[in-house]
Amino acid sequence: MFDTAVLLQTSGVVQDLGLGDRPESVWLLIGTVLMLAGTFYFIRHGMAYADTREKIEYHVVTIMITSIAFASYLAMFFGIGLTEVTLANGDVLDIYWARYADWLFTTPLLLLDLALLAKATDKGTIAALVLVDAFMIVTGLAGALSPTPLERYVWWTISTVALFVILWILWTNLTARAEDMNEDVRGTFTLLRNAIVVLWLAYPVLWVFGTEGTGLLPLFHETLGFMILDVLAKVGFGLVLLRSRAVLGGSEDDAPEPSAEAAD
């Protein structure tokens, strides 16, 4: 997936920074760079095309998603937000709790983007999504910090049930609202909704196979998996949303040209 030479150079940077005892840091560094690149792109895109309040809202929410993720990945790269959990059998497990802090803020913002797209103004629906989402992340973190397999899987089950509730609301309530929109909105909403469903379902699966679950995947590969999912769910999501006709109201060629100030 990554060029070998680039990966080796990146690994050298990790070693130079004294982070060789955490080989997964190479993926955290790549995640940091990709989230920062996405943030800069969305800012530049907003300066060029966000000429209405609605477009500004889309851009602000999407920029906040990648900005928070950038800060989280940078913190994890430097070892901030990393803790050790002593398991009941005496083993010590490295847990990047900063990842859960990231998700606690970014996943509700992703849902807000979809709600804005579907023109869902019902405060009850939005509040339900945000609260259930927060419950999902907090219970997932409780599982990660638990010392016994029983506790971990009980919390994982509770968190996964909350995930299915969120996806059910997306597939029913928000989808019904999007059906009343024009073809561009319906198409973009369907694509992003399906992407969220597939990507978000992959998280608990990776958890089961990773160090916090069965341990079949070492932390190095687990971190790679979460980094790929995060980049697709945040940067990829934003690219599809902000470049869509549903947001721009036409092709980017038809959108207003960047101002002289924006170009500077």
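Student: What makes the pair Lys234 and Asp230 a salt bridge?

Tutor: The closest N and O atoms of Lys234 and Asp230 are 3.4 Å apart. A salt bridge requires a side-chain nitrogen of Lys or Arg within 4 Å of a carboxyl oxygen of Asp or Glu, so the pair qualifies. This is a predicted model, in which local features need pLDDT of at least 70 and side-chain atom pairs count only at pLDDT 80 or more, while totals for chains, interfaces and linings use all residues. Residues are numbered from 1 along each chain as its sequence is written, and side-chain values use heavy atoms, with hydrogens and water left out.

Student: Where do Lys234 and Asp230 lie?

Tutor: Both belong to helix α8 (residues 219-242), where they stand 4 residues apart, about one turn of the helix. Helices are DSSP runs of H or I with at least four residues, strands are runs of E with at least two, and both are numbered from the N terminus.

Student: Are Lys234 and Asp230 buried or exposed, and how do you know?

Tutor: Lys234 has a relative accessible area of 2%, and Asp230 has 1%. Buried means under 20%, exposed over 50%, and partly exposed in between, with a 1.4 Å probe and protein chains only. Lys234 is therefore buried, and so is Asp230.

Student: How many salt bridges does the whole structure hold?

Tutor: The search finds 6. Among them is the one between Lys119 and Glu54, at 3.1 Å from N to O. Lys119 lies in the loop between α4 (98-117) and α5 (123-144), and Glu54 in helix α3 (residues 53-77), so this pair ties together parts that are 65 residues apart in sequence.

Student: What makes Asp122 and Arg177 a salt bridge?

Tutor: Their N to O distance is 3.8 Å, and this value meets the limit already stated. The pair links distant parts of the chain, 55 residues apart: Asp122 sits in the loop between α4 and α5, and Arg177 in helix α6. Asp122 has 32% relative accessible area and is partly exposed; Arg177, at 26%, is partly exposed too.

Student: Why is Lys55 called buried?

Tutor: Lys55 has a relative accessible area of 10%, so it falls under the limit for buried residues. Its place is in helix α3. Leaving out residues up to four places away in sequence, Lys55 touches Tyr49, Ala50, Val247 and Leu248; contact means heavy atoms within 4.5 Å.

Student: Which residues touch the most other members of the largest nonpolar core?

Tutor: They are Leu114, Leu117, Trp200 and Leu241, in a core of 67 residues. Such a core is a set of buried Ala, Val, Leu, Ile, Met, Phe, Trp, Tyr and Cys residues joined through side-chain atoms within 4.5 Å. Beyond four places in sequence, the contacts of Trp200 include Thr107, Leu110, Asp133 and Ile166.

Student: What makes up the nonpolar patch on the surface?

Tutor: Phe135, Leu150, Val154, Trp155 and Ile158 form it, with about 460 Å² of accessible area together. Patch members have over 30% relative accessible area and no salt bridge; like charges are joined within 9 Å, and nonpolar side chains (Val, Leu, Ile, Met, Phe, Trp, Tyr) within 5 Å. Trp155, at 32% relative accessibility, is partly exposed and therefore passes the accessibility limit. Trp155 lies in helix α6, and helix α6 (residues 149-178) gives the patch its largest share, 4 residues.

Student: How many helices and strands does the chain have?

Tutor: There are 10 helices and 2 strands, in the order α-α-α-β-β-α-α-α-α-α-α-α along the sequence. Of the 264 residues, 46% are buried.

Student: What is known of the predictor's confidence in this chain?

Tutor: The mean pLDDT, a confidence for each residue from 0 to 100, is 89, and 87% of the residues reach 70 or more. Over residues 253-264 the pLDDT is below 50, and this stretch has 10 contacts in the model beyond near neighbours in sequence. Where pLDDT is low, the predicted coordinates should not be read in detail.

Technical notes
Areas by Shrake-Rupley, 256 points an atom, 1.4 Å probe, with all protein chains shown as cover.
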